[in-house]
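Please read these notes with the structure open beside you, and look up each residue as it is named.

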Amino acid sequence: MRNTTIPTHCPYCALQCGMNLTPVDGGSVAVSERADFPVNRGALCGKGRTAPQVLAPGARLTSPLVRAADGALVPAGWDEALDRIAGNLERTRAEYGADALGVFGGGGLTNEKAYALGKFARVVLGTSQIDYNGRFCMSSAAAAGTRAFGLDRGLPFPLEDVPRTGCVILVGSNPAETMPPSLRYFTELRDNGGTLIVVDPRRTRTAELADLHLAPRPGTDLALALGMLHLVVAEGRVDEAYVEERTSGWEEARAAAMAHWPEHVERITGVSVPELREAVRLFCAPEAAMVLTARGPEQQAKGTDTVGAWINLCLATGRAGRPRSGYGCLTGQGNGQGGREHGQKADQLPGYRRLTDPAARRHVAEVWGVDPDSLPGPGRSAYELLDALGTDVRSLLVMGSNPVVSAPRAAHVEGRLRSLDFLAVCDVVLSETAELADVVLPVTQWAEETGTTTNLEGRVLLRRRAITPPDGVRGDLEVLHGLAGRLGVEKGFPVDPEEVFEELRRASAGGPADYSGIDYRRLAREDGVFWPCPAPPADDGTPPRPGTPAPPADDGTPPRPGTPAPPADDETTARPGTPPRPADHETAPHPGTPRPADHETAPHPGTPRLFLDRFATDDGRARFVPVAHRPSAEEPDDAYPVLLTTGRVVAQYQSGAQTRRVAELNAAAPGPFVQLHPRLAARLGAAEGDPLAVVSRRGRAVAPARITPGIRPDTVFMPFHWPGEGRANTLTNPALDPVSRMPEFKVCAVRVEVVRAAEAV
């Protein structure tokens with residue numbers, strides 16, 4: 001066998017860590033360090049190192065499965081499976097209409113797949129009923145960022161800026177377990193003299209590294225941010241010049257914050273007034289600072305307002321749209337950023353365009369060769385779509401998602417899936433959702449396919465195919481091509497990912513997430529390209545659209561202040577021994593970009609840093625949004641006196657459909673547990689390892705006790721990676737944020753009971 005090493009990226013989280021793959025005997029690959037990729041600099045977590053184990057025939061699907069007359073799933077040929085899916089979709093549409101067809105995508109799909117899936121739903125099926133599991137991840141941060149800045153990109157700066165700032169407030173994030181290679185950025189921050197503040201109801205591995213750990217009651221992050229903003233005002237720490245020059249809406253937001261005085265916030269959150277004052281002092285003392293949020297504040301029924309309150313804190317102190325400062329969201333899923341940009345959301349068209357915008361509809365319809373009026377309008381959000389299964393939505397196609405484990409009120413969602421007239425699932429493994437399907441299609445995974453993803457920085461990356469998939473396995477693009485043809489659309493669904501990406505470029509051109517200046521050749525020679533990256537202006541002198549970031553000057557002329565700085569020449573500035581990146585006022589060539597001849601138009605360098613000159617609003621100003629604390633959708637009472645919060649552990653990923661098939665990871669994290677404080681354990685009479693029943697208004701989950709002082713006494717924690725008796729999402733509350741439609745995963749009322757031996761039997 002030829003010993004070829006292929007540079008690519010990890011299939012798991014939004015870091016999209018660089019790795020090298022070498023084909024080995026048995027149709028698998030060996031993973032090795034890719035030290036030259038700037039995001040992880042060679043480091044990999046256990047999930048990345050063991051990712052090839054899911055390629056093994058015993059772990060993954062290698063043949064389509066169809067539901068037989070006796071109810072069993074049995075192997076079938078591809079033509080039979082595709083014919084059965086197409087026939088059932090056609091029958092449902094003929095009997096109930098196009099909106100009786102549903103499509104549910106995933107934040108792990110490549111940009112090409114997400115784009116093609118959205119196009120398939122709207123052009124081939126004609127349905128508005130499409131959404132994806134990314135709605136459950138960062139939709140509140142996306143909504144808040146769009147509301148304040150006019151644009152959502154998880155991080156408006158590269159990760160390399162984190163160690164160079166003065167203070168980071170990390171809200172509801174535990175990167176030590178959720179994305180371990182990123183932790184070095186926070187340790188380097190402290191090594192450089194910066195401070196780290198962690199906001200989390202648990203003393204996590206990340207919180208143990210912090211200079212200050214704030215442990216608010218779950219569901220009170222909004223009050224905490226407002227209390228800090230109140231102190232910023234009261235202590236005279238507002239950057240008045242910045243607020244006047246670069247923002248709007250301050251007076252209303254200021255008035256809202258002043259209603260949240262420190263003692264009131266202490267009563268709501270449990271965070272003491274001295275801790276609040278110290279957090280404000282640490283945040284405001286340095287010249288530059290950041291706030292980074294993750295699922296903790298976002299997965300709430302007030303998540304958009306909660307994130308908005310943290311953004312208001314950044315704006316009031318002049319910490320947004322300036323070097324080494326800003327608000328950012330630590331996106332979770334592997335393509336959680338790109339997956340929400342190109343059309344698999346219920347209200348969206350490619351390029352992060354709004355489905356309700358007539359100009360956006362015309363542009364995309366022209367690329368697709370259809371009438372703009374033929375495109376359906378916005379559909380239901382993810383949970384609302386799942387809740388409508390079996391009633392309004394009769395047939396469903398699922399691609400890259402496992403809602404039986406990952407959706408809130410999961411037992412109810414499982415029941416809705418079982419009530420469907422027809423369910424088809426495309427997946428690598430036989431997930432819990434696939435087990436319910438009428439047809440299951442085995443599809444390729446990361447090492448067996450080429451495609452692009454966009455990491456949490458907004459850096460578009462190229463994954464490369466290293467090995468040929470097993471016989472009987474096809475790519476998701478092949479699936480959509482085969483179904484489209486059977487449903488009467490012979491053209492427009494190519495199987496070549498590069499051809500799909502070329503169309504995506506045209507569809508995104510001029511949109512907020514403009515990829516038109518990016519192609520596979522460029523991605524292959526660079527360490528990724530940050531969007532927006534518009535195509536160069538036409539040779540006829542047509543100017544770029546207003547607000548397009550300008551490429552750096554080639555004659556050494558410094559850009560005007562605030563122009564986004566290009567990255568250092570190999571994006572590896574934080575590696576030990578690497579020369580420092582250019583100062584913020586300097587200009588450097590974009591990595592890997594050939595210098596154009598005099599008659600050529602220079603390619604746009606991409607935009608590593610957003611908002612340094614202006615925000616993406618009509619007037620270029622960031623918008624304060626006045627917000628006020630309100631209780632969670634479900635507060636504790638006598639029947640359910642304890643708060644439940646959920647999250648992840650280092651050795652598992654999301655619903656666990658893939659990682660639970662890896663022996664090394666299962667040995668490290670073999671099953672669910674209930675983390676609780678010793679005082680709560682004493683009240684219950686529970687000992688370490690005792691089976692505990694956690695009961696909410698939606699159901700009951702049972703898992704062993706894990707007793708630790710590193711959690712609030714009024715709170716229990718469960719990881720959500722497992723199905724069955726210990727399924728945490730059986731308990732969680734589907735109450736939705738009114739803006740983002742995010743369910744309230746992070747807080748609900750429960751009671752906790754020790755399961756006695758007789759009951760366990």
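What volume does the second largest cavity have? The answer is given in the first point below, after a word on the model.

This is a predicted model, in which local features need pLDDT of at least 70 and side-chain atom pairs count only at pLDDT 80 or more, while totals for chains, interfaces and linings use all residues. Residues are numbered from 1 along each chain as its sequence is written, and side-chain values use heavy atoms, with hydrogens and water left out.

1. The second largest cavity has a volume of about 120 Å³, where a cavity is a set of points on a 1 Å grid over the protein atoms alone at which a 1.4 Å probe fits but cannot get out, and a volume is the space filled by probe spheres set on the points, which are joined across faces, edges and corners. By this rule there are 8 cavities of 30 Å³ or more.

2. Lining residues are those with an atom within 4 Å of a point, and the second largest cavity has 19 of them, with Pro-156, Phe-157, Arg-322, Ser-325 and Leu-610 nearest its centre. By class, this lining holds 10 nonpolar, 3 polar and 6 charged residues, where Ala, Val, Leu, Ile, Met, Phe, Trp, Tyr, Cys and Pro count as nonpolar, Asp, Glu, Lys and Arg as charged, and the others, Gly among them, as polar.

3. A pocket, by contrast, is an open set of points with protein on both sides within 12 Å along at least five of seven lines, and the second largest pocket holds about 600 Å³ of space. Of the 25 residues that line this pocket, Thr-146, Asp-347, Tyr-352, Arg-353 and Arg-354 lie nearest its centre. Helix H4 (139-149) and strand E15 (353-354) are the elements that give two or more residues to the lining, helices (H or I, at least four residues) and strands (E, at least two) being DSSP runs numbered from the N terminus.

4. Helix H7 (residues 221-234) and helix H13 (residues 303-316) pack with their axes 8 Å apart, at an angle of about 20°, where axes are lines fitted to C-alpha atoms, for helices over the stretch in contact, and angles run from 0 to 180 degrees between N-to-C directions. H7 and H13 are therefore roughly parallel to each other, since angles under 35 degrees are counted in this way. The contact (heavy atoms within 4.5 Å) includes Leu-222 and Met-228 of H7 and Trp-310 and Leu-313 of H13, and its residues divide into 11 nonpolar, 2 polar and 2 charged.

5. The axes of helix H3 (residues 111-125) and helix H19 (residues 497-508) come within 9 Å and cross at roughly 70°. That makes H3 roughly perpendicular to H19, a label that covers angles of 65 to 115 degrees.

6. Two backbone details deserve a careful look. Most residues other than glycine have a negative phi, and most peptide bonds are trans. Arg-41, however, has a positive phi of about 50° although it is not a glycine, and the peptide bond from Trp-531 to Pro-532 is cis, with omega near 0°.

Definitions and conventions
Parallel < 35°, antiparallel > 145°, perpendicular 65-115°, else oblique.
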